[in-house]
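Biologist: I'm new to this one and would like a close look at a single part of it. Could you put it up for me?

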Amino acid sequence: MEKQIKPHITTNISLIGFMGSGKTSTGKILADKLNFLFIDLDNIIELSLNMPISEIFEKHGEEYFRKTETISIKKIYINKNCVFACGGGVVVRHENMEIIKKNSTIIFLHVSPEIACQRLKNENNRPLLKVPNRLNSITELMEKRDHLYRNACDFIVDTDIKNPKEAADEILQRL
Ligand code: S3P
């Protein structure tokens, strides 16, 4: 049965969190249950530049990717009734978070470095993971970003022991 949206959920939901936290899988389920449109920000960036994320980083570098990410956020957050899966790095730009906060309820999907590393073991479209010691890099990057995710969000869902369906159910209960 479709969930009746509570009256205060009038705009959008944004899922933030590290790579491997399940933003895309959880977001799709959530959007389906709320009858919202699901939008993956990385997909929007890939479509706008017509190349995969890995190629954007390779050809133009991370700074160019971040600029494109901000441009995409400015364009896409004019929509309503959407569930957005944000790239893991959106929190590093204050400008991004101002727009996202103003236009959505933000949920931080938390994942531990070990579980993220395990979930991402076959990954090859995430340039930041093309490093010799993945677990170390994930741990360091997560430490740098953790406070940003926590400060930006309305609430946190721990995904280490939850699959995307369970995470989506918890979000629906807490909205
Ligand atoms: C990034 C996360 C990726 C993607 C890019 C950079 C990051 O998104 O935006 O590879 O800085 O953490 P996901 O979190 O959806 O994998």
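Biologist: Let's zoom in on Ile-100: does Ile-100 count as buried or exposed, and what is its relative accessibility?

Modeller: Bear in mind that we're looking at a predicted model. Ile-100 counts as buried, because its relative accessibility is 0% and the cut-off for buried is under 20%. You'll find Ile-100 in helix α5, which runs over residues 94-103. Leaving aside neighbours within four places in sequence, Ile-100 is in contact with Ser-14, Ile-73, Tyr-77, Cys-86, Val-90 and Ile-106. Ser-54 makes a handy landmark: Ile-100 and Ser-54 are 46 residues apart in sequence, and 24 Å apart in space from C-alpha to C-alpha.

Ile-73 belongs to α4, the helix made of residues 62-76. The axes of α4 and α5 are 10 Å apart, and the two helices pack at an angle of about 15°. Angles under 35 degrees count as roughly parallel, so that's how α4 and α5 lie to each other. As for handedness, α4 passes α5 in a left-handed crossing.

Who meets whom there? From α4 come Glu-69, Thr-70, Ile-73 and Lys-74, while α5 brings Glu-95, Asn-96, Ile-99 and our Ile-100. Sorted by class, that contact has three nonpolar, two polar and three charged residues. So Ile-100 is a buried residue that also takes part in the meeting of α5 with α4.

Definitions and conventions: Residues numbered from 1 in each chain as written. Predicted model: local features only at pLDDT ≥ 70, side-chain atom pairs only at ≥ 80, totals over all residues. Heavy atoms only, no water. Axes fitted to C-alpha atoms, helices over the stretch in contact; angles between N-to-C directions. Helix = DSSP H or I, 4+ residues; strand = E, 2+ residues; numbered from the N terminus. Parallel < 35°, antiparallel > 145°, perpendicular 65-115°, else oblique. Left-handed = near helix turned anticlockwise from the far one by under 90°. Contact = heavy atoms within 4.5 Å. Nonpolar A, V, L, I, M, F, W, Y, C, P; charged D, E, K, R; others polar. Buried < 20%, exposed > 50% of the residue type's maximum accessible area, 1.4 Å probe, protein only.
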